[in-house]
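Here is a short briefing on one protein chain. Keep the sequence and the 3D view open while you read.

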Amino acid sequence: QMCIRDRYMGNISDADSILETGCGCGYLGVETLRRRKPSATLQLTDISEGMLIRARRKMELIKSSQSGILTLHDLYAASKDVDPSKESPECDIPELNVSLRIDDNQEMKTVKSESLDVYLSNFTLHIVPDSLKMIKEIYRVLKPGGRFGVSITGRRVNNEFMMSFSDAAIEKGQPPLFGMKIFALAENIEGTRKMFEDAGFVNIQNWYEFIPFGIRSTADLDKYMGPPWIAATDEAVKSDIMAFVKDRLGKIIYEEHRPIGLESALFVGQKPAA
């Protein structure tokens, strides 16, 4: 998310229409809203009702905030106690030129062909069943000359934080947190780039980027003692998993003196101008 924000989003200031798919809880949407020009339309989509409700709450908080700035407390509070049976995820917020819709990245029914200046997607391409189909949808909805920015999970070897929790779960007889598919696109970076090229995109750039977390001691890991990093509910199993993680990551912190964080792979590019 930070990768798209810092390396690509500086280019959205001239866009009249922006889409973020797989918007999740809306963190990137908040940043997009801050950087786009006020007259630009912003559509946020997600296939999950619960996630879209969280994003909608953040947009509504911005609408009601005099400063338009949300604190971390605001952001976290907006993600709690979500019940799709009591709240509608979809809505229009005309005061912000924002709309939120349930939609599938691989076959978007709420977005017209050649209607967008900018398409953003954060950590979604690697989890959809058909990544190529999603890339073709990006091409379809962009105007000629339109731009995209997509981030995916990076390589296993540089995502020791994620792998530690997943390996610990397997070691303790729990289901893995995720399948190895989520790393496949980044570990075959040239093949992934070729999918964008074959779809028709030009001026493609791609790179890996590592974002360190604020983890400076094994005590800092205690804040991750629960979902989504630990799915187990049994306290003894949770304790065993955390001990496994602290032992593995502790070697990185205290012996190898390396930062712990998240590696992403980034792709930006353009649909050819007419």
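In which strand is the place of Gly 261? Gly 261 sits in strand 8, which covers residues 261–270. The model is predicted. The points below start with this glycine, then turn to a threonine, a helix pair and the chain as a whole.

**Gly 261**
- Gly 261 has a relative accessible area of 4%. The cut-off for buried is under 20%, so Gly 261 counts as buried.
- Setting aside residues up to four places away in sequence, Gly 261 touches Asn 159, Phe 161, Phe 210, Ile 211, Pro 212 and Phe 213.
- Ile 215 lies 46 residues from Gly 261 along the chain. The C-alpha atoms of Gly 261 and Ile 215 are separated by 8.2 Å.

**Thr 45**
- Thr 45 belongs to strand 2, residues 41–46.
- Is Thr 45 buried or exposed? Its relative accessibility is 0%, so Thr 45 counts as buried.
- Neighbours within four places in sequence are left out of the contact list of Thr 45. Its contacts include Leu 19, Glu 20, Thr 21, Gly 22 and Cys 23.
- Also among the contacts of Thr 45 are Leu 52, Arg 101, Asp 103, Asn 105 and Thr 110.

**Helix 2 and helix 3**
- Helix 2 spans residues 27–35, and helix 3 spans residues 49–64.
- The two helices pack at an angle of about 35°. Their axes are 9 Å apart.
- The crossing of helix 2 and helix 3 is right-handed.
- Helix 2 makes the contact through Tyr 27, Gly 29, Val 30 and Leu 33. Helix 3 contributes Lys 58, Met 59 and Ile 62.
- By type, the residues of this contact are five nonpolar, one polar and one charged.

**The whole chain**
- The chain has nine helices and eight strands.
- Why does the chain count as compact as a globular protein of its length? Its radius of gyration is 19 Å, close to the 19 Å that the globule rule gives for 274 residues, so the chain is as compact as a globular protein of that length.
- Along the principal axes, the C-alpha atoms fill a box of roughly 55 × 45 × 30 Å.
- Of the 274 residues, 49% count as buried.
- Take the contacts in the chain with a separation of 6 or more: residues 24 or more positions apart account for 76% of them.
- The accessible surface of the chain is about 13,300 Å². Carbon and sulfur atoms hold 52% of that surface.

Technical notes. Residues numbered from 1 in each chain as written. Predicted model: local features only at pLDDT ≥ 70, side-chain atom pairs only at ≥ 80, totals over all residues. Heavy atoms only, no water. Axes fitted to C-alpha atoms, helices over the stretch in contact; angles between N-to-C directions. Helix = DSSP H or I, 4+ residues; strand = E, 2+ residues; numbered from the N terminus. Left-handed = near helix turned anticlockwise from the far one by under 90°. Contact = heavy atoms within 4.5 Å. Nonpolar A, V, L, I, M, F, W, Y, C, P; charged D, E, K, R; others polar. Rg over C-alpha atoms; globule rule 2.2 N^0.38 Å. Buried < 20%, exposed > 50% of the residue type's maximum accessible area, 1.4 Å probe, protein only. Areas by Shrake-Rupley, 256 points an atom, 1.4 Å probe, with all protein chains shown as cover.
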